[in-house]
Amino acid sequence: MGIFARVSAVLATLAILVASCGGRAAPSTAPTQTAAPTAYELWVVDQAETTTTGGGTLYIYRGADLAAGSRAPAYTVNLGEAALGVGDGIGKHGHSITFNPAMTHAVIAYVDSGHVQVIRASDRKVVASIKMTAGAAGPAAPHATAVTPAGDAIIVANQGGKRLQRISADFKNDVYKLDGAADLDLSLLEDADHPGNLPVIPVFTPDGRYVYVPMRGGGAYVIDYQSTPMRTVATLGKSAIGPQSCCATFVKDTVWTTAQGGTTTTTTSFNLYQVTGLPEKPIAKKILSRSGNVESHSVILVGQYLWVADRFANTLDIVDQTGDARTMSLAAGPLAGRDPAPDIMALSPDGSTVFVALRGKTPMTSNIKGLDNAVGDVGGFALLSVKDDGRDATVSSFVSLPMAAGASVVDPHGLRIRIVK
């Protein structure tokens, strides 16, 4: 199921982890007690338009139902209808989804219309829709968001506007407001080593004090998101981390980030970087790299291993603490002979299952015309069974999403676990 290849021994620092990253606690000498399973939901966003101006579909699956073999969603929300009359209205191409720390609300970023929407989990209603700010570089295009550890604000990576923005958030009373005074105009920081400051994703440092934000044109910034306006604390340039960055995750005080290389219209590559020295003196080191029909994308921590999805090659790289990388095909088991195009991943609370979004035949976003790096033939999500504390996996099953009412294609992208408290 793949071949081990020796890479840098620096990965030995992965000795690891906090529970929020899927790690395991240290062994205890206390008597063993059987805990009740953690109830959770899987939220999946289909980007395909459900109205003439946008929309999309939110599918919510109960973890218990999925574990029992049911593949039917517990709830389906037409995001076009749900946003009518709310704030700035309907968004187009819901690209990413996240939750506030209390898991009471979801936040969806619409990359093609500039909207950020907040959905109340208790009744699955859209309670806020805010259009982000355009810039001289182009129209607003929020690629991803993150809710602050304190749960008092939403940080928005607005690629089109080349801005990092902040929405003040009172989730208890459902009051949300774009804080224009907090804007960080990243276009003003561009230079030869920072040629394209389109922010990709905000990821909080483990202490919650700063946010790490990779740039589409290469490099990254460490940002004090609490100051007004937000300000940079440190930076890495394109010479340190290549272009087309995508995802990032922290392991203790080290961040691991992927980059696809090339441009938005040229051949992709597979790159995985390790960034140490945060927050003030970041140093990046390339850990994995290969070229061809490959594309490093989503990266998460599973047990004591780093998992990196390759959307183009239909593979999963599993990197361990000793510096070995293992590559396995996801076109296997129930997906044998298919083109899954794996995208965003999420880990179940008990660490036994990884859910992987699988792109559709007509991807609405992220596809390079002529290469079809994001084209798949499933349009749903896969369930991977975790083996050996994350060292191995098998494709146990997959779910194909239905064609949503009003839509003409199926194209899931954002996918996230909500713990039901």
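This is a predicted model: local features need pLDDT of at least 70, side-chain atom pairs count only at pLDDT 80 or more; totals for chains, interfaces and linings use all residues.
1. Ground rules. Local features need pLDDT of at least 70 and side-chain atom pairs count only at pLDDT 80 or more, while totals for chains, interfaces and linings use all residues. Residues are numbered from 1 along each chain as its sequence is written, and side-chain values use heavy atoms, with hydrogens and water left out.

2. Cores. A nonpolar core here is a set of buried Ala, Val, Leu, Ile, Met, Phe, Trp, Tyr and Cys residues joined through side-chain atoms within 4.5 Å; buried means under 20% relative accessible area (1.4 Å probe, protein chains only). The largest has 21 residues, and those touching the most other members are Val302, Trp307, Leu316, Met345, Val354, Val356 and Leu384.

3. Asp343. This residue sits in strand β26 (strands are DSSP runs of E, at least two residues, numbered from the N terminus). Asp343 is buried, at a relative accessible area of 0%. Its side chain makes a polar contact of 2.8 Å with that of His297 (a pair of N or O atoms within 3.5 Å, one able to donate a hydrogen and the other to accept it; residues adjacent in sequence count only if both atoms are side-chain atoms).

4. Residues of the second largest pocket's lining comprise 6 nonpolar, 13 polar and 4 charged (nonpolar: Ala, Val, Leu, Ile, Met, Phe, Trp, Tyr, Cys and Pro; charged: Asp, Glu, Lys and Arg; polar: the others, Gly among them).

Key:
Buried means under 20% relative accessible area, exposed over 50%, partly exposed in between (1.4 Å probe, protein chains only). Helices (H or I, at least four residues) and strands (E, at least two) are DSSP runs, numbered from the N terminus.
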